[in-house]
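Reader: Could you walk me through this structure, and tell me what backs each label you use?

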Amino acid sequence: FILLVKIMATIGAALENATNDFRAGQKELEALMISKQQYLTQNYENEMVLQELKLLGDDSQVFKMVGPAMVKKDTKESINNVQTRLDLIKRELARIEKTQSSVEKKVRESKEKLAQLEHYAKAQAQKR
């Protein structure tokens with residue numbers, strides 16, 4: 001009987017650890033999804049800015065807000081700046097997606113481990 005109690009305590013601790021791992025993975029996924037959404041929004045906004053800048057002629061004037069002042073910028077320089085920003089955003093999105101797939105895999109594994117432990121715990125409880 002004492003052995004059964006020790007086994008159940010070990011299973012309980014393993015279940016708690018697996019549950020904590022699963023919840024931590026879900027929180028990490030949630031944070032990644034929020035970050036991804038922010039970058040997707042920035043990407044969309046910058047794509048729109050780039051389209052607008054490309055519509056301008058070479059003689060057009062572009063101004064950038066720097067603090068309380070408007071500073072005149074070259075159109076080509078503005079286009080290059082936006083393209084650079086888009087490249088950075090796309091690289092960050094790729095990094096987030098790679099991390100997201102890795103975390104999703106960990107969450108799936110944690111969920112499977114949790115299910116196995118629950119099944120084992122139920123089987124042990126029925127043996128009593």
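**Pocket, core and a buried threonine**

Author: The largest pocket has a volume of about 180 Å³. This is a predicted model, where local features need pLDDT of at least 70 and side-chain atom pairs pLDDT 80 or more, while totals for chains, interfaces and linings use all residues. Residues are numbered from 1 along each chain as its sequence is written, and side-chain values use heavy atoms, without hydrogens and water.

Reader: Why is threonine 75 called buried?

Author: Buried means under 20% relative accessible area (1.4 Å probe, protein chains only). Threonine 75 comes in at 6%, so it counts as buried.

Reader: What is threonine 75 in contact with, leaving aside its neighbours within four places in sequence?

Author: Contact means heavy atoms within 4.5 Å, and on that basis threonine 75 touches Leu53, Leu56, Gly57, Ser60 and Val62.

Reader: What makes up the largest nonpolar core?

Author: Seven residues: Met8, Ile11, Leu15, Ala18, Leu114, Leu117 and Ala121. They get that label because a nonpolar core is a set of buried Ala, Val, Leu, Ile, Met, Phe, Trp, Tyr and Cys residues joined through side-chain atoms within 4.5 Å. The largest share of this core, four residues, comes from α1. Helices here are DSSP runs (H or I, at least four residues), numbered from the N terminus.

Reader: And which residues does leucine 15 contact, its neighbours within four places in sequence aside?

Author: Leucine 15 is in contact with Leu114, Leu117, Glu118 and Ala121, once those neighbours are left out.

Terms used: On a 1 Å grid over the protein atoms alone, a cavity is a set of points where a 1.4 Å probe fits but cannot get out, and a pocket is an open set with protein on both sides within 12 Å along at least five of seven lines; lining residues have an atom within 4 Å of a point. Grid points are joined across faces, edges and corners, and a volume is the space filled by probe spheres set on the points. Buried means under 20% relative accessible area, exposed over 50%, partly exposed in between (1.4 Å probe, protein chains only). Helices (H or I, at least four residues) and strands (E, at least two) are DSSP runs, numbered from the N terminus.
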